[in-house]
Amino acid sequence: MKFEDVKKITMIGAGAMGNGIATCGLMAGYTVALRDVEQRFVDNGVAGVKSSLAKFKEKGKITPEAHDAALARLIPIVDLKEAVKDADFIIEAVPEKLEIKQSVMAELDKYSPKHAILASNTSNISITEIAKATSRPDKVIGYHFFNPAVLMKLVEITKGAKTSDEAVQIGYELAKKMKKVPVIVHKDSPGFIFNRVNEPSTLLLSLILQDGHPTPEEFDAAMKPLMPMAPFELMDYVGIDIAYHSLDYFAKVLSPEYKPSAAMDALLKAGTLGKKTGKGIYDWSAGRPTIDLSKATKEYDINHLIALQVNEATKVLDEGVAESVAEIDLAMANGGGSPFGPFALAQSIGYNILLERLENLYKKFKLEVFKPTELMKKGDIKV
Ligand SMILES: NC(=O)c1ccc[n+]([C@@H]2O[C@H](COP(=O)([O-])OP(=O)(O)OC[C@H]3O[C@@H](n4cnc5c(N)ncnc54)[C@H](O)[C@@H]3O)[C@@H](O)[C@H]2O)c1
């Protein structure tokens, strides 16, 4: 199959990500079937699509005609066989569990046309493992959008062990057609690029929580003037459970040092998960927490966090997960809130400054995850 042959996309799972990705497909001119296991979930997904399209229309990003035409191309559906029988490109965004992903992929393999590409929006799970449930691992790709999918530009396209270049290329061109910024992940490795580069910072937060020093507010106060949302505040905003499970996953697949601290455990067990429960590290019952900037710690600054990102990015480069410095920076700048990737930041801040921060963390916590890499020590990476 060639990219031009892709006419119909089927979205499996109409949750937060599913309805966002479906909207992207509709706006790019495709017919999109949106499938979930029960009508009420499909209805929720359709409501999400309608709301996003209405906002784009209000802001003048699409014309009223394009809005109506996009909605007319949406096929809300529960019947799986019907949803995939004539699909060319199928994207699953069902819950993040290998067993669920594999059983969904096996069904897709059984009922969809032989030429169809099966893409997974997994945040972390191995594409090679997911593909094993199918008879067409050459046509299975990772297709990782970021939340909210209608706004965030990055799509990480991961090659599993048996994925063909052709499947990756079709995914790449489709993402471009959806006005996204696709980045190819050449090696199917934990967290792909974006989540992997950010995970050491989450580990640092978990360790600081455990130490009790500085307090989250003292730490956040030092970072907040330079970030749209301070790190602990963000952890609460996204959910302590999400941070916990990603650390737990990295502990299993990358290094046991990522194991969530007892303090994270306690928050999880108490059900104080952050914004969604009204309390986490901060109290959210009266809205966004107030952080007293006068409490800023002198022990940490933003360069500690950047140093962790750059160091992990050098591992991603060295292991061949991403092809180049430019690709890593492209992924990092388009998946998150920063306008620059870690290598561009390192070049402007100076590797010597970041190395000093990293050595400081390495000495303090004595973890290999924080150990400066050779590339980091050399510090002559050109962007
Ligand atoms: N939420 C995020 O921030 C985010 C970001 C990037 C990637 N992801 C990944 O996207 C995937 C989905 O996440 P989400 O946040 O949209 O979850 P969600 O819980 O909002 O939605 C999942 C949907 O899948 C449906 N579902 C379950 N089994 C199904 C099946 N067999 N067929 C069809 N639908 C089925 C559920 O009913 C639910 O509506 C996960 O793999 C997650 O890791 C999430």
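Predicted model: local features only at pLDDT ≥ 70, side-chain atom pairs only at ≥ 80, totals over all residues.
Trainee: Which residues come nearest to the ligand?

Mentor: The shell around the ligand holds 21 residues. By class, ten of the shell residues are nonpolar, seven are polar and four are charged. Within this shell, the residues that come nearest are Arg35, Asp36, Glu96, Lys101 and Ser123.

Trainee: How many Å separate an oxygen atom of the ligand from an N or O atom in the side chain of Glu96?

Mentor: A polar contact requires a pair of N or O atoms within 3.5 Å. The side chain of Asn121 has an N or O atom 2.9 Å from a ligand oxygen, and for the side chain of Asn147 the distance is 3.1 Å. For the side chain of Glu96, the distance to an oxygen atom of the ligand is 2.5 Å.

Trainee: What percentage of the accessible area of the ligand does the protein cover?

Mentor: On its own, the ligand has 840 Å² of accessible area. The elements that give two or more residues to its shell are α1 (16-27), α5 (98-111) and β6 (140-145).

Trainee: Where does Pro214 lie?

Mentor: Pro214 is joined to His213 by a cis peptide bond, with omega about -10 degrees. In terms of secondary structure, Pro214 is in the loop between α8 (194-211) and α9 (216-223).

Trainee: Is the phi of Lys179 positive or negative?

Mentor: Most residues other than glycine have a negative phi. Lys179 belongs to the loop between α7 (165-177) and β8 (181-185). Lys179 is not a glycine, yet its phi is about 60 degrees, which is positive.

Trainee: Is Lys366 buried or exposed?

Mentor: Lys366 has a phi near 50 degrees, a positive value in a residue other than glycine. The position of Lys366 is in the loop between α16 (351-365) and α17 (374-378). A residue counts as exposed when its relative accessible area is over 50%. The relative accessible area of Lys366 is 65%, so Lys366 is exposed.

Trainee: How far apart do the C-alpha centres of domain 1 and domain 3 lie?

Mentor: The domain assignment divides the chain into domain 1 (3-185), domain 2 (194-295) and domain 3 (302-378). Eight residues of domain 1 are in contact with seven residues of domain 3. The C-alpha centres of domain 1 and domain 3 are separated by 32 Å.

Trainee: Is Leu358 buried or exposed?

Mentor: Leu358 lies in helix α16. Beyond its neighbours within four places in sequence, Leu358 is in contact with Ala307, Leu308, Asn311, Phe370, Pro372 and Met376. Buried means under 20% relative accessible area. Leu358 has a relative accessible area of 0% and is therefore buried.

Trainee: Which distance separates the C-alpha atoms of Ala72 and Ala326?

Mentor: Ala72 is part of helix α3 (residues 64-72), and at 65% relative accessibility Ala72 counts as exposed. Along the chain, Ala72 and Ala326 are 254 residues apart. The separation of their C-alpha atoms is 39 Å.

Methods. Residues numbered from 1 in each chain as written. Heavy atoms only, no water. Near = heavy atom within 4 Å. Polar contact = N/O pair within 3.5 Å; in protein donor to acceptor, adjacent residues only side chain to side chain. Areas by Shrake-Rupley, 256 points an atom, 1.4 Å probe, with all protein chains shown as cover. Helix = DSSP H or I, 4+ residues; strand = E, 2+ residues; numbered from the N terminus. Nonpolar A, V, L, I, M, F, W, Y, C, P; charged D, E, K, R; others polar. Buried < 20%, exposed > 50% of the residue type's maximum accessible area, 1.4 Å probe, protein only. Domains from an automatic or database assignment. Contact = heavy atoms within 4.5 Å.
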